[in-house]
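Dear colleague,

Please find the sequence and the coordinates below, followed by an account of what was found.

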Amino acid sequence: MKALRFHAPGDVRLEDVPEPICGDDEIVIAVRNCSACGTDLKTFRNGHPAITPVTTMGHEIAGQIVEVGRNVAGWRVGERVQSIAAVPCGDCHECRKGWPSICQNQKLMGFWYDGGFAEYMTVPAAVLAADGLNRIPDGVGFAEASAAEPLACALNGQEQLGIQEGDVVVVYGAGPIACMHTRIARGVYGAGQVVMINHRPGRLALAAGLVQPDATVDSSTTDPVDEVMKLTRGRGADFVITATPAGANQEEALTMAARNGRICFFGGLPKASPTITCDSNLIHYRQLHIHGANASAPAQHRRAMEYIASGQLPVADLITDHIPLADALGVFDVVGGGRAIKVTVEP
């Protein structure tokens, strides 16, 4: 079969490899869609601390069961399924506390385990043990189901914040995650005003045309802090979500947050520049709350699938580019080019 394999930073190859053999405690699926994200692009360029060369990439996975291990109960050949990406161990302190998204022994599909940029893929026993394989509801396509993984991550970020009806929410970014955050803030929590900020005006216009924020700010020509203060009559934003890998955005988030504001540092910063300058008096005197957000829990995948199936949080329109597996090496150019929103690979 064909698989897109990571060998080293900048060295990813579409190769012929043997089809997976189903172990007694595993499931094998035919991958129908595996979507791509900024983490895939960063891994292609710079590697990743969790990746184990040589590994098949791809962690936003949906497919159809073709073989079930003899010790696996409750699943049958032909069922349409979606897999978690971050696999918790279930035994560490964090897992026992109910925080599987930050499991200290977490292993990742497409990094530790072979992922979904392939014709077939093994669903490891650890995924099944974590209740991390989900049936795709009728009416939900494979491409939509593959987007449940990033949607679950966005849900994880917002579930920590406590957004309420009428609140002002600022979202930095204009990619798929920023679009999902915009829809969650409004469609789940009833935010009163959502402002989207990005420094690429073309991408900002594309994203805004899809998810319809109440206001947009082109930060390449306009000071975003000044603009948010104008939009809120000097009060600032109740919530700021930085779905970008830019330290400057995190610094601006602190400055534009209202009193008792909550800030989600959703996008990780580059390894070479992971620090920001923080005016801690802003945090002290405004009583600000800063939250990190990492990965997602299996239960959040199930909620994401329910939101997609009900139409409360649509994702199909965010998938702007469909790339055949035969052309999968080009996915990194598409993701990095800023001309697309969500990109999916189709074996």
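At 70% relative accessibility, A129 counts as exposed, because the threshold for that class is over 50%. This alanine belongs to helix α3, which covers residues 125-129. P88 is 41 residues away from A129 in sequence, with 9.3 Å between the two C-alpha atoms. Please note that the model is a predicted one.

Beyond its neighbours within four places in sequence, G139 has contacts with R80 and E144. Y285, by contrast, lies 146 residues from G139 in sequence and 50 Å from it in space, C-alpha to C-alpha.

The sheets

Strands of a sheet pair through backbone hydrogen bonds, in either a parallel or an antiparallel sense. N198 has D218 of β13 as its bridge partner.

Another open sheet consists of three strands in the order β2-β1-β4, and here the pairing is antiparallel. Since β2 (11-16) and β4 (55-56) are the edge strands, each with a single partner, one side of each is left without a neighbour in the sheet. Strand β1 (residues 2-8) is connected to β2 by six bridges, in the antiparallel sense. F6 is placed opposite V12 of β2. β1 and β2 together form a hairpin with two residues between them, and G10 in the turn has a positive phi of about 80°.

Strand β18 (residues 342-346) also deserves mention. Four of its five residues are buried, which leaves β18 mostly covered. β18 pairs with β3 (residues 27-36) in the antiparallel sense over three bridges, and C34 stands opposite V345 of β18. β18 also pairs with β17 (residues 319-324), in the parallel sense and over five bridges. In that pairing, the bridge partner of H322 is T344 of β18.

In soluble globular proteins, nonpolar side chains tend to be buried together. The largest nonpolar core of this model has 43 residues, of which I136, L151, I163, V169, M180, M196 and F266 touch the most other members. At least two residues of this core come from each of α4 (142-146), α5 (148-159), β11, α6 (176-187), β12, α7 (201-211), β14 and α11 (298-310). Apart from this core lies another, of 40 residues, including A36, Y113, F117 and A295.

A helix pair

Two packed helices are described by the angle and the distance between their axes. For α5 and α11, the axes come within 8 Å and cross at roughly 110°. Because angles from 65 to 115 degrees fall in that class, α5 counts as roughly perpendicular to α11. On the α5 side, the contact is made by A148, E149, L151, A152, L155, N156 and E159. On the α11 side, Q300, H301, R303, A304, M305, Y307 and I308 take part. By class, the contact of α5 with α11 comprises eight nonpolar, three polar and three charged residues.

Yours sincerely

Key:
Residues numbered from 1 in each chain as written. Heavy atoms only, no water. Pairing = 2+ DSSP bridges. Core = buried A, V, L, I, M, F, W, Y, C linked by side-chain atoms within 4.5 Å. Buried < 20%, exposed > 50% of the residue type's maximum accessible area, 1.4 Å probe, protein only. Axes fitted to C-alpha atoms, helices over the stretch in contact; angles between N-to-C directions. Parallel < 35°, antiparallel > 145°, perpendicular 65-115°, else oblique. Contact = heavy atoms within 4.5 Å. Nonpolar A, V, L, I, M, F, W, Y, C, P; charged D, E, K, R; others polar.
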